[in-house]
Structure formats: structure tokens, C-alpha cells
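Here's a quick briefing for anyone opening this structure for the first time. Have a look at the sequence and the model, then read on.

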Amino acid sequence: MNTEIKKYKFIKTLGKGSSSSVDLAKNENGDNVVIRHCNKENKDTWIQECLKEISVTSSLSKTNTNCNFPTSQMENIDSEDIMVSTFILGRELSKDVLEELPESQQKQIAKDLGTFLYHLHNQSIKQQEQKSSSHSLDIFNKKEKRLKERLNLLPAEVQEQINQVISDFDDDTNYGKINVLCHNDLIKDNLLYDKNSQKLSVIDFGDTEINDIYTDFAYLMRAGQLGDKFGIDVINAYNKINQENNTGICINTHTAKKLAILLSLKKIKKLDIVNNPERTRFIIYIQEYEKHKTKGMYKTNTSDLHIYQGKEM
């Protein structure tokens with residue numbers, strides 16, 4: 001951070017990414033803030049991304065989302081464009097953090113996240129453009145060459161199980177029907193929980209865009225993230241709100257889980273290395289999925305829920 005920016009007092013660097021470096025600082029009132037600086041050569045593109053994030057969070061702030069999230073503004077100080085955001089307290093949410101909490105509290109966090117996603121998915125942001133594909137999760141399409149190549153690096157038994165997952169989508173009427181405003185990076189790193197306030201916070205809206213409605217749930221239920229039970233609780237809370245508001249939307253838990261499996265496969269690095277921990281975890285993950293599926297864990301109770309019938313969100 002430029003120490004000549006007198007309006008803010010630098011505390012420490014929080015991280016550096018491909019597009020931004022992020023610092024923690026204090027403002028003139030002594031409050032902690034997060035300052036993001038552009039690392040991209042194309043600064044105009046970076047500014048547009050920041051403005052998109054500001055637009056999304058500004059719109060969300062007008063609703064009762066049940067979750068905290070940072071609000072931001074662009075500033076130009078000493079000829080440098082920066083994005084200044086409120087500092088969010090909390091510890092990265094993980095399966096371990098959840099398991100430390102009473103079950104009632106875990107349920108409440110899931111309910112709060114389900115409520116947040118309902119409000120996010122119902123936002124209408126003018127700056128957003130829908131992806132060109134009929135449904136943007138076509139990165140999981142069974143015809144995709146790279147996915148098949150990666151499958152060939154796994155044991156035959158795992159290949160067979162994943163091919164079954166892929167073929168299931170041909171008959172899945174819940175997938176690829178609705179496009180909404182999605183967070184698009186709903187991983188544990190972007191979910192913070194503050195034990196003192198018992199509040200969940202969602203951060204990093206830089207990838208937010210119009211996408212298939214299942215995108216956020218696929219990210220949420222990825223391997224090693226927060227555990228299937230939590231993801232299912234979030235989906236149940238989300239479905240209940242949609243039922244109460246008569247939207248006609250019902251997220252199928254099993255569809256979300258199948259997409260999470262394919263997303264996890266896509267994300268593994270060095271899949272060709274047999275003793276790669278990520279690869280090993282994924283194989284264990286598939287074995288657990290088969291056990292849970294047999295026990296009916298992913299069955300969505302739609303008996304008292306409406307199924308999407310072509311209504312616009």
C-alpha cells in the first residue's frame with residue numbers, strides 16, 4: 001500500500017491475487033477497512049469489476065439477507081484508483097468450525113445462508129450480462145474433451161461412478177432451466193463466521209454474474225468444504241423460502257451434489273500423480289457419495305414443494 005495515502009493508515013497486507021492486492025488499514029475515524037489495489041495491466045477492466053461488485057452489494061443492502069457482507073466505494077487518492085470496503089470480522093467457515101457448534105446453531109447458519117442466496121438470486125443488476133451458453137454450467141457437459149481426459153486418470157471404478165453421474169443429467173429436469181445472479185465462488189474461504197455475534201458473512205463478490213441457479217449450490221457442496229449435511233440444510237432453507245413466496249423454484253439436492261462432484265474433479269491439480277493428496281481425497285469423496293446416495297441422503301422432498309414450471313425470476 002502507498003504509505004503516502006494519508007487518509008488511511010496501513011496495517012498489513014492481507015493478500016495478493018492476479019487482479020488485486022489487498023491491504024488492511026485504518027480510516028480517519030480509526031475503523032478498520034480493506035483497500036484493494038489494481039494489479040492488472042488493463043486498469044479499466046479492473047475498475048469495471050469493482051463497480052460491478054459495488055453495485056451488487058449496494059443492491060443487497062436494501063434487503064434483509066440475514067448475513068453480513070462488505071460494502072465498498074471507489075476512491076482516487078494521489079492519482080491511484082482504489083476500492084475501499086468495510087472490514088468483516090470472522091473466522092473462515094469450515095466443516096471443523098461448524099462441528100464445534102451446537103446443531104441448532106449449525107441449522108441457523110444454514111438457514112441464514114439459504115436466505116442470503118434467495119435474496120442474491122432475486123437481485124436485478126443492470127450491469128450484469130447473461131453468459132452466452134444456454135446454461136453456464138455446461139463446463140460439466142459430458143461432451144467436454146478435458147473432462148473425459150481427466151476421467152481417464154482415475155481408477156476404473158471411480159470412472160464408472162462419475163460416468164453414471166454425468167449420464168444422469170440427461171434425464172434431470174431440474175438442471176439448466178433458470179439463470180439468476182450468482183456469487184459464483186461460494187467456497188469456505190468466502191464465508192466467515194463470527195462466534196461473538198453469531199453472524200455469518202459472505203465476502204468477495206468479484207466473480208458475481210448471471211449464471212445457472214445451481215452454480216452456487218455446486219460450489220457449496222464441493223468435496224472437503226462444509227460437509228453434505230450443511231449443504232442440504234442450506235438447500236432446504238432456500239427451497240422453503242421459495243415455497244413461501246410461491247416462486248415455483250425447487251433446488252434438487254442430488255442435482256447440486258452431482259454438479260459438486262464434477263466441479264471438484266475439474267478443480268484437482270496434478271490429477272495424474274497417484275499419491276497427490278487432492279486426488280486421494282477425491283476418490284474417498286466418491287466412495288462417501290455412493291454410501292450416502294444409497295442411504296437416500298440426497299433425496300429432495302418435493303412432495304410439498306412446487307417444481308419450476310417456466311416462471312421468470
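This is a predicted model: local features need pLDDT of at least 70, side-chain atom pairs count only at pLDDT 80 or more; totals for chains, interfaces and linings use all residues.

Residues are numbered from 1 along each chain as its sequence is written, and side-chain values use heavy atoms, with hydrogens and water left out.

**Overall make-up**

- The protein has nine helices and ten strands; these are DSSP runs numbered from the N terminus (helices are H or I with at least four residues, strands are E with at least two).
- Of its 313 residues, 52% count as buried, where buried means under 20% relative accessible area, exposed means over 50%, and partly exposed is in between (1.4 Å probe, protein chains only).
- Among contacts with a separation of 6 or more, 69% come from residues 24 or more positions apart; contact means heavy atoms within 4.5 Å.

**Nonpolar cores**

- A nonpolar core is a set of buried Ala, Val, Leu, Ile, Met, Phe, Trp, Tyr and Cys residues joined through side-chain atoms within 4.5 Å.
- The largest one has 67 residues, and Leu 93, Leu 113, Phe 116, Ile 162, Phe 230 and Phe 282 touch the most other members.
- There's also a second, separate core of seven residues, including Tyr 8, Val 33, Ile 35 and Ile 82.

**Helix 3 with helix 7**

- Helix 3 (residues 103–121) and helix 7 (residues 228–244) pack at an angle of about 50°, with their axes 8 Å apart. Axes here are lines fitted to C-alpha atoms, for helices over the stretch in contact, and angles run from 0 to 180 degrees between N-to-C directions.
- That angle makes helix 3 oblique to helix 7 (under 35 degrees counts as roughly parallel, over 145 as roughly antiparallel, 65 to 115 as roughly perpendicular and the rest as oblique).

**Helix 5 with helix 9**

- Helix 5 (residues 156–168) and helix 9 (residues 277–294) pack at about 60°, with axes 11 Å apart.
- This pair is therefore oblique too, and the crossing is left-handed.
- Val 158, Gln 161, Ile 162 and Val 165 in helix 5 meet Phe 282, Ile 283, Ile 286, Tyr 289 and Glu 290 in helix 9.

**Single residues to look up**

- Phe 116 sits in helix 3 and is buried, with a relative accessible area of 0%. Beyond its neighbours within four places in sequence, Phe 116 is in contact with Leu 60, Thr 65, Cys 67, Phe 69, Val 202 and Phe 205.
- Ile 203 is in the loop between strand 9 (199–202) and strand 10 (209–212), and is buried at 19% relative accessible area.
- Gln 159 is in helix 5 and is buried, with a relative accessible area of 19%.

How values were computed:
A crossing is left-handed if the near helix is turned anticlockwise from the far one by less than a right angle, and right-handed if clockwise.
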